[in-house]
Amino acid sequence: MTQFAQAAAYGVVQGGLLALVAVGFSLVWGIMNVINLSHGAFAVTGAYVAWLLNQHFGLDPFLAIPIVAVAMFGFGYVIQRGLINLVVNAPIFLTLLLTFGLSLVILNILQLLFTADDRTIDTSYASQSFVIGTVNVPYGRLAAFFLAVIITFALAALMTRTRLGHAIGATGMDRGAARLMGIRARHIYAVTFGIAAALAGVAGTMIATVGSFNPTTTPGQLTLDAFVISVLGGLGNMYGALAGGLVLGIAESIGGLLLTGTWVNAIAMAVLIATLIIRPSGLIGKAQYGGRVEV
Amino acid sequence: MSSRGPQSVSSSTDALAAILQGRQRTGREVVVDWVRSRTLANSWPALAGVAVIALLLGLQQLIEPGTMRLLSAVFMFVALAQAWNIIGGYTGYASFGQVVFFGLGAYVTAVLMNNYHVSFWVAMPAAILGGVLFAVLIGVPLLRLRGHYFAIATLGAAEGAREVINNMTPVTGGGLGITIPTFGDQAPTAYFGKPGFYVAFLVLAAASVAISTLLARSRFGYAMVAVHEDEAAASAVGINTTVVKVVAFGVSGAIVACAGAFYAFQQIEFYPTDVFDPSFTVLMVIMVVIGGSGSVVGPLVGAVGLELLSQFLRVNLGTYNQLIFGAIIVVVVVFFPQGVVNFFRDAWMARRFSLLDNIRRYRL
Amino acid sequence: MIGRPGALFAFGIVLALGAAACGTSSNTSTSGSGITFAAPVSQTGAFGQAEGLYTLQGYKFCVQTLNAKGGIQYGGQSHQVTLVTQDDQSVSATSAQIVDQYNDKSYKLILSPYGSPATTAVAPVVERNGQVMVDSNGADTAIFTHGYKNTFAVLAPSSTYVTTIIDTLAALNPAPKTVAIIAANDGFSQHAAEKGVSEAQAKGMTVVPSATAYTSSTKVNANVTDVSSALIAIKGTNPDVIIISAHLNEAVAAIKQASELGVKPKYGFAATVAPPTPAFISALGTKSEGVIGSTQWVPELSTSDSLFGTAKQFLSNFTNTYGWSPNQYPYQAADAAAACEALALAIQKAGSADPAAVRTALAGLSVDTFYGHIQFDSTGMNTTKPMYAIQIQKSAFVTIYPSNLSSTPANWPAIAA
Amino acid sequence: MIAEPQTVSDPILEVRNLSKRFGGLWALRDVSFSVSEGQIVGVIGQNGAGKTTLINVITGHLRPTSGQVLIGGQDVTGQHPWVIAHDRVARTFQIVKPFRGVTVRENVAIGAMHGNAHDRTVRDALATADELLALVGIEKHAHDAPSQLSVADARRLELAKALASRPKLLFLDEVMAGLRSQEIATAVELIHRLRDSGITIVAVEHVMKAIVSISDLILVLHHGSTLAMGPPAEILSDERVIEVYLGHRYRKTS
């Protein structure tokens, strides 16, 4: 029972971290119909920015978040405006291939700059935990969890309450109509991708703080997680990533306790497939923006 | 109520009625007609195919065994790309988990040969059968999903299958890997060696190209295209879309499983992470899309071109090779979004070779 | 609709040209009395800028040193050595393909790629081609169970990685009474854990939560960054020491997540291959303090050879050449240099670079080197060579076992009570 | 069941109490009618009256919430579309659905090589396609991509595709919408020819004049329910139809 409670608690905070990884990916997919295979590369790039700030200026990773977000927004904006916009109307495979090639380029550059060594941002508190009964709740992942919740609600507010959000939503639903309303799709897409890149960077920073990262195995894992969570939660829904992340986090944590060895990974995939078959629109259901699903 | 209809049918002799009557031809007539219709002009793809195989068998006499191994890899990717194109290109169901058949084929072969000392020539057909059965098993539920959902579900199937193999340690060796006995009298089938595998993979590639070509020109090929374009319209003209999708998935899975069987025997020792490596799927997709999906030549060009390019860069650029490979993918996607082969075919027909047209087509 | 299979003929030509282009190696062989060592190395992919690079540095350093000392002497002549390498992109099948292509060029003397999986894939190729390989970084005992005659490993096999840790712990004061073992689901880690459990029991330690937990509840997938389920299985069993038989990712995750989950071993952590690498310290920061690791080589070794001198001299020369800190150096480079040296010594002994003669010489080799004693048993393993243990103290590797090589005492218990 | 004697008026299509609900909305409610072989039946109604839903449910593209569909006396309720297509039933789509990746000719050939009375080879199907393209008058576009067709020609392609599967019962979903009067005249003539060749036709139309002039029977749908059913003359004089559906505009134009 103690173990069960511990697994559940850890699953929740871990789920928050996973949600943080997925939220930007889900946004880009929902709005632009682009499966961004370089999402993990963006997260790791953000992690390196935070790591450099920490190494050279001793900046705390939480304080680095705004800087990372701004830097990654700029990077994402430029990549979308200068590159992805060139093929954004093409069938989805092409954007998929483009972002795959892009991630190869980014990750190999990172590898040459920083080597493939694992890195971490060392803080005195992130791996500490407070105790409730016999259950340990780690501060770092708890912070990531709250960050995920805050970002999700902030994003929801942005999408529903602001002009920018309406413009993004309108562009996601019908680009032609959006253009008639005077929305500059090129700019809006770039802003959307910039936001997603910034969110990826924030997720990367958190991963660097609570765990470790490298430019070889981390990015692929993050992209895969984001992919699974986005579908699980439901595409084009602002709360989808949060729901998907939490479900995956808790399922893996409790499943890992109940099943021996690494069977939990097989079970997780079975659950994913079952979800898709039974409820293809995801756990949350109806798309609130964009959410065009086509090949 | 009117009773004109039936009377007019009997009296009408117009063209429409003739069409509606249909063509009642016997199988014999069809065959005879087909044989008569064969000319040098319309048989040239088959002749060219035979000539290329002969050329490649001749080439084998000129090259070193290590180069044969490199070309074996090229042939294998030709088969994998053709297989992916059948489900992803023709039928329009983008499988992101096609490597699952590769891994299953490899493991069925290795388990049979290692645990039960079965001949490769029994294990390989068993691997193909396993691929087909698995395709039907997961295809029936998953092929109801469209687009991304199908993609992620197949990805999940591949990841899940790898974990199952990983945990069935008593049978598969799990994460400890598996070895096909090939030395001395332990070997159930004598190892092919590099020349043998060159021929084996060449035959596999040729067979996959032939299957793809024949499918493309058959009624089934048109059914796959119809399913790709519009399932409602396809089913309205009497195409059983479920059967078409499952069969296409099964044929694709069979080819990939067969490639996995040969690969397993060639490698001798391997781990689940080697043969369920998602980068095989990624390469299949890249080769098909960059070559040009939905055709026979596109995946062929994509597979040969990219595998040779990748090897060339690897040998000559050292540390920078994957960086440059990635950059080339980006450039090709931007300038040839419809695939290299489709671009040159369309450009040749329109006599207009403008890369800017390509960019204009898909940019925002 | 469906395109015509056009220009099929062109493919034959493209294939022929392409094959020719890809077959061209980036390095050229020397003529005359030169000898070529050929190695598939990882320059890109997972090991590209890490272990693969360290291995490559070890090979390069060895060949440079060899040539600077006049090459390999036999038959009254000196023979310069050329090192030929090709990137395998950290893919085992590519390693095997490269070795096959080396055979076309009559490169018969092979140095292994990095890691057990790649070495496992290359060994049968070497066997079939009549090449001979000295293995520097593939420790999985499974490599040596297939009766291959042409593969020789200078490093101690996987079976010693955890047993050495157990022996180290048993010699410490206080010696742990209970240990927990987390093991990755790969051959190398599982074999190491299996031997470790029996060694622990032989030393009177109890393995918690159970002796077979490393195959079930504390088994984790290789290369994962979340091992929380294994830690939760350990939580409550209160082991004195947690041993991680895995690679870098799992070891780093285990130590970080143990802190998060309040899984606190009474004395400290130990791990197999991760601690004696600079990356371990960079990935864990201050949490790497006090972690014990088993290693193939320490610079305090008393043996020496005419090529590299003493172990200490090797360390200072190598770290100067490649810009490493003498406190944080990659032991993989020492493995690699030792493999290269063993090959050179065998050639010298055989008086020939003929692979069959070199193979025979390797089989009968028995020498002391900077790396320790090198002698192969009938399966090709260097079973005479023990492993050692280091502890990370103030971000530096400190040798703590065996005691005769240790100048600084272990910081123990590593975790403050 | 006792086998009834075969008569000319034996219904080829019988719809019994058909209902279809989307969420809280009844797209079809308790619709019943039957069609005899050789008839032309017109289905009219406002936007959202349930006309297309009716075709979709009968041809198997949607499952009915309740009710039955019998084709040639066989219950086909809830069958897959291709099963129904194999009963020699064909349809066109209001929003044309050409197979975009292939030529106009191949589009029609796909129709001819599947279904119940299909051609056995691709060559035969292409020959059938050529004949049908000539029949509907777009033979000069045979090798074009469907996207290059005009609206009227795209509708012709849709019709040729449906005919290629050699139907006995054909559903036409607004084949005359958006056509100019000359084109409508051609279409009307074509529908007559189809019927004369033995095809039973159920045509959903907005273009009142044309459909009324050729139909044997008119079904008027209103909010998913049957408002009226009968011969054209009866329908045109039906006060409810005039008030509720046809409105003043029709009276004006006629």
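**Conventions.** Helices (H or I, at least four residues) and strands (E, at least two) are DSSP runs, numbered from the N terminus. The model is a predicted one, in which local features need pLDDT of at least 70 and side-chain atom pairs count only at pLDDT 80 or more, whereas totals for chains, interfaces and linings use all residues. Residues are numbered from 1 along each chain as its sequence is written, and chains are lettered from A and ligands numbered from 1 in the order in which they are written.

**Figure 1. The hairpin of strands S1 and S2 in chain A.** Strand S1 (residues 129-132) and strand S2 (residues 135-138) of chain A run antiparallel and are joined by four bridges; two strands pair if DSSP finds at least two bridges between them. Phe130(A) has Val137(A) of S2(A) opposite. Two residues lie between the strands of this hairpin, in which Gly133(A) takes a positive phi near 65 degrees.

Figure 2. Chain B contains 19 helices and two strands, and its C-alpha trace spans about 80 × 50 × 45 Å along the principal axes. Helix H6 (residues 99-115) of chain B has 17 residues and should span 24 Å at 1.5 Å a residue; its end C-alpha atoms are 23 Å apart, which agrees. The expected span is 1.5 Å times one less than the number of residues. A residue is buried if 20 or more other C-beta atoms lie within 10 Å of its own, exposed if 12 or fewer, and partly exposed in between, with C-beta atoms placed from the backbone. Just after H6(B), His117(B) has a positive phi of about 50 degrees.

**Figure 3. The packing of helices H16 and H18 in chain B.** Helix H16 (residues 297-317) and helix H18 (residues 340-350) of chain B have axes 8 Å apart and pack at an angle of about 125 degrees. H16(B) is therefore oblique to H18(B). Axes are lines fitted to C-alpha atoms, for helices over the stretch in contact, and angles run from 0 to 180 degrees between N-to-C directions; under 35 degrees is roughly parallel, over 145 roughly antiparallel, 65 to 115 roughly perpendicular, and the rest oblique. From H16(B), Val297(B), Gly298(B) and Val301(B) meet Val340(B), Val341(B) and Asn342(B) in H18(B). The residues of this contact comprise four nonpolar, two polar and no charged. Ala, Val, Leu, Ile, Met, Phe, Trp, Tyr, Cys and Pro count as nonpolar, Asp, Glu, Lys and Arg as charged, and the others, Gly among them, as polar.

**Figure 4. The contact of chain C with chain A.** Chain C contributes 35 residues and chain A 34 residues; two residues are in contact if their C-beta atoms, placed from the backbone, lie within 7 Å. On the side of chain C that touches chain A, strand S10 (219-220), helix H7 (228-234), helix H8 (248-261) and helix H9 (278-284) each supply at least two residues. The largest share of this side, eight residues, comes from H8(C). By class, this side of chain C has 11 nonpolar, 19 polar and five charged residues.

Figure 5. Apart from neighbours within four places in sequence, Tyr267(C) is in contact with residues including Pro176(C), Asp240(C), Trp412(C) and Pro413(C).

**Figure 6. The open sheet of chain D.** Four strands with antiparallel pairing follow the order S2-S1-S4-S5. Strand S2 (25-36) and strand S5 (74-75) of chain D are at the edges, each with a single partner strand, so one side of each is left without a neighbour in the sheet. Strand S1 (residues 11-22) and strand S4 (residues 66-71) of chain D pair over five bridges, with Val15(D) opposite Val69(D) in S4(D). Helix H1 (residues 51-58) of chain D lies across S1, S2 and S4, running at about 65 degrees to S2(D). Most residues other than glycine have a negative phi. Asn17(D), in strand S1 of chain D, has a positive phi near 50 degrees and is partly exposed, with 13 other C-beta atoms within 10 Å. Asp30(D), in strand S2 of chain D, has a positive phi of about 55 degrees and counts as partly exposed, with 14 C-beta neighbours inside 10 Å.
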